[in-house]
Amino acid sequence: MEQKKLPNVTIGLVLVIFSFLCCCIGGLPALLFSGIAFFLIKKDEKAYTENPDGYSNYSTLKTVKILAIVGMIIGVLYFSYTLWSINQMGGWDGYMEKVQDAMEQYQ
């Protein structure tokens, strides 16, 4: 029997890479991309446990799963930091005032 590759591993890897690239944009894109990748990897993991002899790239699946978890952790930490920073500036209204003042300064 010829072994196939798990179908969502490559997509999950691409999503995890996007997650790491977008981790500094408030944390939500990193959390979103990593969450989707983790969901896809869990589906492939289930398919692998049903037929372990039919698939060949399980080691890559484990790597992508670990990277997705790390991406989710970074996303949660950065999102928490963003919320904390906005709170320290006086909430959303205080943050928007500071952004507007900065924009007026450079006009």
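Which residues form a nonpolar patch on the surface? Leu13, Val14, Ile17, Phe18 and Leu21 do, and together they have about 450 Å² of accessible area. A patch here consists of residues with over 30% relative accessible area and no salt bridge, with like charges joined within 9 Å and nonpolar side chains (Val, Leu, Ile, Met, Phe, Trp, Tyr) within 5 Å. Accessible areas come from the Shrake-Rupley method with a 1.4 Å probe, and for residues only the protein chains shown count as cover.

Before I continue, a word on the source. The model is predicted, so local features need pLDDT of at least 70 and side-chain atom pairs count only at pLDDT 80 or more, while totals for chains, interfaces and linings use all residues. Residues are numbered from 1 along each chain as its sequence is written, and side-chain values use heavy atoms, leaving out hydrogens and water.

Let me turn to the overall form. The protein chain has four helices and zero strands, in the order α-α-α-α along the sequence. Helices (H or I, at least four residues) and strands (E, at least two) are DSSP runs, numbered from the N terminus. The C-alpha trace spans about 70 × 25 × 15 Å along its principal axes. The radius of gyration of the protein chain is 20 Å, whereas a compact globule of 107 residues would have one near 13 Å. That radius is taken over C-alpha atoms, and the globule rule is 2.2 Å times the number of residues to the power 0.38.

Of the 107 residues, 29% count as buried. Buried means under 20% relative accessible area, exposed means over 50%, and partly exposed lies in between (1.4 Å probe, protein chains only). The protein chain exposes about 7300 Å², and carbon and sulfur atoms supply 64% of that area.

Is Leu21 buried or exposed? Leu21, in helix 1, counts as exposed because its relative accessibility is 64%. Ser19 lies in helix 1 (residues 9-21) as well, but Ser19 is buried, with a relative accessible area of 1%. Apart from neighbours within four places in sequence, Ser19 is in contact (heavy atoms within 4.5 Å) with Ala30, Phe33, Ser34 and Gly71. A polar atom of the Ser19 side chain lies 3.0 Å from the backbone oxygen of Ala30.

I now come to the charged residues. Side chains of opposite charge can pair when their charged atoms come close. How many salt bridges does the structure hold? There are two, a salt bridge being a side-chain nitrogen of Lys or Arg within 4 Å of a carboxyl oxygen of Asp or Glu. In one, the side chains of Glu45 and Lys42 meet at 3.3 Å, N to O. These residues are separated by about one helical turn, because they are three residues apart in helix 2 (residues 28-50). Glu45 is buried at 14% relative accessible area, whereas Lys42 is partly exposed at 38%.

Glu45 also forms a salt bridge with Lys65, with the closest N and O atoms 3.2 Å apart. This pair links distant parts of the chain, 20 residues apart: Glu45 is in helix 2 and Lys65 in helix 3 (residues 58-88).

Lastly, Ala47 is in helix 2 and is partly exposed, at 22% relative accessibility. The C-alpha atoms of Ala47 and Pro7 are separated by 9.8 Å, although the two residues are 40 apart along the chain.

Conventions
A polar contact is a pair of N or O atoms within 3.5 Å; within protein, one must be able to donate a hydrogen and the other to accept it, and residues adjacent in sequence count only if both atoms are side-chain atoms.
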